[in-house]
Amino acid sequence: MEVHNVELVMSAVAPSQYPTTGFPEIGLAGRSNVGKSSLINVLINRNSYARTSSQPGKTQTLNFYKVEDQLYFVDVPGYGYAKVSKKEREKWGQMIETYLTSRDTLRGVIILVDARHAPTKDDVTMYEWMRYYQMPLLVVATKSDKIPRGKWNKQESLIKKTLNFQAEDDFIAFSAKTKEGKDAIWQWIEAHTVGGN
């Protein structure tokens with residue numbers, strides 16, 4: 001999709017604040033600092049529209065980005081942040097769970113993992129949880145340019161094995177630096193939103 005119009009329409013913490021336009025939505029979930037903002041910026045052809053933060057866990061709301069008046073990207077608060085109180089984490093957890101499990105217009109979830117490491121316990125939990133709710137899933141391994149080509153297959157195997165990755169889900173390597181994977185990710189998004197159902 002050629003993206004010219006993007007608008008951050010709202011930051012929500014409760015269903016009463018979600019958009020009511022009925023456009024299909026794609027959720028983006030991942031650990032703090034995994035590169036979610038960078039992925040969004042590459043997909044929408046902007047340099048710094050989605051704010052990248054040096055402080056993990058800065059996104060504390062569901063941010064709805066309207067893309068081309070056709071769909072929303074929903075930036076879900078990063079998980080795995082250490083500097084947030086347990087109570088705060090539980091509050092975020094409930095907010096995220098409510099959105100991911102009850103939103104009719106949610107068409108799929110992109111889970112971001114860091115290509116350089118095995119997925120964390122939080123990554124595995126998020127993946128299993130989304131599978132439990134039978135959500136169409138795309139796992140995007142970010143920062144793939146940091147992995148030497150010769151080691152990539154081994155790294156992909158490690159990520160998939162750790163997640164207990166299932167064949168019906170999709171997996172794409174992505175680099176914000178080289179834009180590798182951008183087109184394939186867009187194809188997946190379109191198949192599940194404007195071009196799919």
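## A proline in a loop

Pro-136 sits in the loop that links helix 3 and strand 6. Helices (H or I, at least four residues) and strands (E, at least two) are DSSP runs, numbered from the N terminus. The model is predicted: local features need pLDDT of at least 70, side-chain atom pairs count only at pLDDT 80 or more, and totals for chains, interfaces and linings use all residues. Residues are numbered from 1 along each chain as its sequence is written, and side-chain values use heavy atoms, with hydrogens and water left out.

Is Pro-136 buried, partly exposed or exposed? Its relative accessible area is 30%, so Pro-136 is partly exposed. Buried means under 20% relative accessible area, exposed over 50%, and partly exposed in between (1.4 Å probe, protein chains only). Leaving out residues up to four places away in sequence, Pro-136 touches Arg-107, Gly-108, Val-109, Trp-188 and His-192. Contact means heavy atoms within 4.5 Å. Glu-180 is 44 residues from Pro-136 along the chain, and their C-alpha atoms are separated by 22 Å.

## The whole chain

The protein chain has 5 helices and 7 strands. From the N terminus on, they run β-β-α-β-β-α-β-α-β-α-β-α. The C-alpha trace spans about 50 × 40 × 35 Å along its principal axes.

The radius of gyration is 16 Å, which agrees with the value near 16 Å for a compact globule of 197 residues. This radius is taken over C-alpha atoms, and the globule rule is 2.2 Å times the number of residues to the power 0.38. Buried residues make up 48% of the 197 residues. Among contacts between residues at least 6 apart in sequence, 76% join residues at least 24 apart. The chain exposes about 10,000 Å², and carbon and sulfur atoms supply 46% of it. Accessible areas come from the Shrake-Rupley method with a 1.4 Å probe; for residues, only the protein chains shown count as cover.

## Nonpolar cores

A nonpolar core is a set of buried Ala, Val, Leu, Ile, Met, Phe, Trp, Tyr and Cys residues joined through side-chain atoms within 4.5 Å. The largest has 33 residues. Those with the most contacts inside it are Leu-62, Phe-64, Tyr-99, Leu-100, Val-109, Ile-111 and Met-130. Several elements each supply at least two residues of this core, including strand 3 (62–67), helix 2 (86–102), strand 5 (106–114) and helix 3 (121–132). Another core, of 24 residues, lies apart from it; among its members are Ile-44, Leu-71, Ile-110 and Ile-172.

What does Leu-100 contact beyond its neighbours within four places in sequence? Its partners are Leu-106, Val-109, Met-126, Trp-129, Met-130 and Met-135.

## Aromatic rings

The whole structure holds 10 aromatic pairs. Phe-64 and Tyr-72 form an edge-to-face pair, 6.0 Å centre to centre with 85° between the planes. Rings of Phe, Tyr and Trp (its six-membered ring) pair if their centres lie within 6.5 Å; planes under 30 degrees apart count as stacked, over 60 as edge-to-face and the rest as tilted. Phe-64 is buried at 0% relative accessible area, and Tyr-72 is buried at 3%.

Tyr-132 and Tyr-133 also pair: their ring centres are 5.0 Å apart and their planes lie at 85°, so the pair is edge-to-face. Tyr-132 is exposed at 64%, while Tyr-133 is partly exposed at 33%. Tyr-18, Phe-23, Phe-64, Tyr-72 and Tyr-99 form one aromatic cluster.
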